[in-house]
Amino acid sequence: LESLRSHMALVSQDTQLFNDTIRANITYGCENVPEATLKAVIQEAALTEFIQQLPQGVETLVGDRGVQLSGGEKQRISIARALLKGSEILILDEATSSLDSQTEALIQQAIDRVIQGKTAIVIAHRLSTIQHADQIVVLDQGQSVERGTLEELRSNSGLFARLWEAQKFS
């Protein structure tokens with residue numbers, strides 16, 4: 001179990017942050033992170049502009065459970081932490097639920113790059129989050145009711161097609 005966990009990173013909608021700095025929250029579980037690597041994951045998680053506006057930058061304290069941050073800022077820190085870990089398996093549980101559409105698009109591009117050659121399990125209600133998935137499994141009442149690619153599921157008249165149409169994506 002420990003070996004499996006060492007190969008996984010989780011980004012949850014319920015972000016766990018510590019009463020510490022942004023740096024410490026991103027690098028949690030990683031030792032001796034080079035500054036260039038930290039800056040790269042901050043950039044990929046669309047945090048650069050936000051951090052540059054803070055008087056103490058990455059040394060800014062976030063407060064208990066990140067109380068000083070918005071939901072989107074907390075999620076982006078969690079995404080940066082997962083990107084830094086570089087795991088082979090990435091679990092994204094509503095990882096972009098607190099992000100505005102513009103930031104979500106930036107993060108989605110970063111996630112798409114990072115998951116190349118990896119296994120990603122993406123749990124989402126916002127269907128734009130999963131539009132590039134190789135396989136989509138649709139759950140209803142805890143049961144798998146459909147499975148396929150985006151194109152296959154959109155062409156059927158099932159639950160996914162109805163949800164997709166309701167969310168008005170192209």
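This briefing describes the strands, helices, cores and a few single residues of one protein model.

The model is predicted, and its local features need pLDDT of at least 70, side-chain atom pairs count only at pLDDT 80 or more, and totals for chains, interfaces and linings use all residues. Residues are numbered from 1 along each chain as its sequence is written, and side-chain values use heavy atoms, with hydrogens and water left out. Helices (H or I, at least four residues) and strands (E, at least two) are DSSP runs, numbered from the N terminus.

**Strands**

- Strands β1 and β2 run parallel and are joined by five bridges, where two strands pair if DSSP finds at least two bridges between them; M8 has I89 in β2 as its bridge partner.
- Strand β2 also runs parallel to β3 (residues 119-123), again with five bridges, and D93 stands opposite I123 in β3.
- Strands β4 (residues 136-140) and β5 (residues 143-148) run antiparallel and are joined by five bridges, with V138 standing opposite E146 in β5.
- The hairpin of β4 and β5 has two residues between the strands, and in this hairpin Q141 takes a positive phi near 55°.

**Nonpolar cores**

- A nonpolar core is a set of buried Ala, Val, Leu, Ile, Met, Phe, Trp, Tyr and Cys residues joined through side-chain atoms within 4.5 Å, and buried means under 20% relative accessible area, exposed over 50%, and partly exposed in between (1.4 Å probe, protein chains only).
- In soluble globular proteins, nonpolar side chains tend to be buried together.
- The largest nonpolar core has 29 residues, of which I26 and L47 touch the most other members.
- The elements that give two or more residues to this core are β1 (8-12), α2 (22-27), α3 (35-44), α4 (48-52), α5, β2 and α6 (101-114), and α5 gives the most, with six residues.
- Leaving out residues up to four places away in sequence, L47 touches I26, I42, E73, R76, I77 and A80, where contact means heavy atoms within 4.5 Å.
- A second, separate core has eight residues, including I136, V138, L150 and F160.

**Helix α5**

- Helix α5 has 15 residues and reaches 21 Å from its first C-alpha to its last, close to the 21 Å expected at 1.5 Å a residue; the expected span is 1.5 Å times one less than the number of residues.
- This helix is mostly covered, since 12 of its 15 residues are buried, among them G72, E73, I77 and L84.
- The buried residues of α5 pack against β1, α2, α3, α4, β2 and α6.
- A polar atom of the Q75 side chain lies 3.0 Å from the backbone oxygen of E94.
- Just after α5, G86 takes a positive phi of about 65°.

**Helix α3**

- The buried residues of α3 are L38, V41 and I42, and they lie on the same side of the helix because they cover an arc of only 105° around the axis, the arc being that of the directions from the helix axis to the C-beta atoms.
- An α-helix has 3.6 residues a turn, so residues three or four places apart point the same way.
- The face of α3 turned away from its buried side carries the exposed residues A36, K39 and Q43, whereas the cover over the buried residues includes α2, α4 and α5.
- Just after α3, A46 takes a positive phi of about 55°.

**Two loop residues**

- E88 is found in the loop between α5 (71-85) and β2 (89-93), and it counts as partly exposed at 43% relative accessibility.
- Leaving aside neighbours within four places in sequence, E88 is in contact with H7, K118 and T119.
- The side chains of E88 and H7 are joined by a polar contact of 2.7 Å, a polar contact being a pair of N or O atoms within 3.5 Å; within protein, one must be able to donate a hydrogen and the other to accept it, and residues adjacent in sequence count only if both atoms are side-chain atoms.
- I115 lies in the loop between α6 and β3, and at 21% relative accessibility I115 counts as partly exposed.
- Not counting residues up to four places away in sequence, I115 touches L90 and A120.
- I115 and G86 are 29 residues apart along the chain, and their C-alpha atoms are separated by 9.3 Å.
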